[in-house]
Amino acid sequence: SYENLIHNNEAIEVMDDQFSAVSYAPDIAEMTLDLLFAGLAKETHLTSAGHNSWFGWARELARVAEIAESRIVPVPTDDGSPVKRPGFSILGTRQQNVLEMIRRHPATRGICQYLSHLRVS
């Protein structure tokens, strides 16, 4: 739970060699509605703006949640894992209007909004 995460002092190991874009669901919903009403391409990749390693995202979340960033420890991907993931899995688009829409929805803002929601719940 959120409370356990904040009050626990254990290290949190997070992969630092896999990069991704994260998406805040309310932002994706808003962008999807905008695309539907604008009549844009039916196949469009949407994400919140920005990309980082999973370690970088975890540090951002720790910073916003006021958790000691030193608890977030970078580790490499486990080579023995049965799940093979690409090191860089960020999709993109060349549609200028979609790029502008994505830029208006930064992932860092989504992280802040989500944590605000958790604190209230």
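**Close-up views of a predicted protein model**

**View 1. Surroundings of Ser 48 in the predicted model.** Leaving aside its neighbours within four places in sequence, Ser 48 is in contact with Val 22, Ser 23, Tyr 24, Asp 27, Ile 28, Ile 102, His 105, Pro 106 and Ala 107. The residue lies in the loop that runs between α2 (25-38) and β3 (52-53), and the structure shown here is a predicted model rather than an experimental one. With a relative accessibility of 1%, Ser 48 counts as buried, because the limit for that class is under 20% relative accessible area.

**View 2. His 105 in the loop between α4 and α5.** His 105, which is among the contacts of Ser 48, is found in the loop between α4 (96-103) and α5. Its relative accessibility is 3%, so that His 105 counts as buried. A polar atom of the His 105 side chain lies 2.8 Å from the backbone oxygen of Met 101. When neighbours within four places in sequence are set aside, the residues in contact with His 105 are Asp 27, Glu 30, Met 31, Ser 48 and Ala 49.

**View 3. The largest nonpolar core and the elements that supply it.** This core has 13 residues, and those with the most contacts inside it are Val 14, Trp 57, Ile 72, Ile 111 and Leu 115. The elements that give two or more residues to the core are α3 (54-65) and α5 (107-120), and α3 gives the most, with six residues. A second, separate core of seven residues includes Met 31, Leu 35, Leu 46 and Ile 102; of these, Met 31 is in contact with His 105, and Ile 102 is in contact with Ser 48.

**View 4. Contacts of Val 14, a residue of the largest core.** Apart from neighbours within four places in sequence, Val 14 is in contact with Trp 54, Phe 55, Ala 58, Ile 72, Val 73, Pro 74 and Val 75. One of these partners, Ile 72, is itself listed with Val 14 among the core residues that have the most contacts inside the core.

**View 5. Asp 16 in the loop between β1 and β2.** Asp 16 lies in the loop that joins β1 (12-15) and β2 (19-20), and at 33% relative accessibility the residue counts as partly exposed. Its contacts, leaving aside neighbours within four places in sequence, are with Ser 53, Phe 55, Pro 74, Val 75 and Pro 76. Although Asp 16 and Val 73 are 57 residues apart along the chain, their C-alpha atoms are separated by 8.8 Å.

View 6. Glu 60 is found in helix α3 and is buried, with a relative accessible area of 17%. Apart from neighbours within four places in sequence, Glu 60 is in contact with Thr 108 and Ile 111, and Ile 111 is one of the residues with the most contacts inside the largest nonpolar core. The C-alpha atoms of Glu 60 and Cys 112, which are 52 residues apart along the chain, are separated by 9.5 Å.

View 7. Glu 66 is found in the loop between α3 and β4, where the residue is exposed, with a relative accessible area of 72%. Its phi is near 60°, a positive value in a residue other than glycine. Most residues other than glycine have a negative phi.

**View 8. Gly 92 in the loop between β4 and α4.** Gly 92 is found in the loop between β4 (72-75) and α4, and at 58% relative accessibility it counts as exposed. Gly 92 and Gly 110 are 18 residues apart in sequence and 19 Å apart in space, taken from C-alpha to C-alpha.

**View 9. The whole chain, as context for the close-ups.** The protein chain has five helices and four strands, which from the N terminus on run in the order α-β-β-α-β-α-β-α-α. Its C-alpha atoms fill a box of roughly 50 × 40 × 20 Å, taken along the principal axes, and 29% of the 121 residues count as buried. Among contacts between residues at least 6 apart in sequence, 83% join residues at least 24 apart. The accessible surface of the chain comes to about 8,000 Å², of which 56% belongs to carbon and sulfur atoms.

Conventions: Residues are numbered from 1 along each chain as its sequence is written. This is a predicted model: local features need pLDDT of at least 70, side-chain atom pairs count only at pLDDT 80 or more; totals for chains, interfaces and linings use all residues. Side-chain values use heavy atoms; hydrogens and water are left out. Buried means under 20% relative accessible area, exposed over 50%, partly exposed in between (1.4 Å probe, protein chains only). Contact means heavy atoms within 4.5 Å. Accessible areas come from the Shrake-Rupley method with a 1.4 Å probe; for residues, only the protein chains shown count as cover. A nonpolar core is a set of buried Ala, Val, Leu, Ile, Met, Phe, Trp, Tyr and Cys residues joined through side-chain atoms within 4.5 Å. A polar contact is a pair of N or O atoms within 3.5 Å; within protein, one must be able to donate a hydrogen and the other to accept it, and residues adjacent in sequence count only if both atoms are side-chain atoms.
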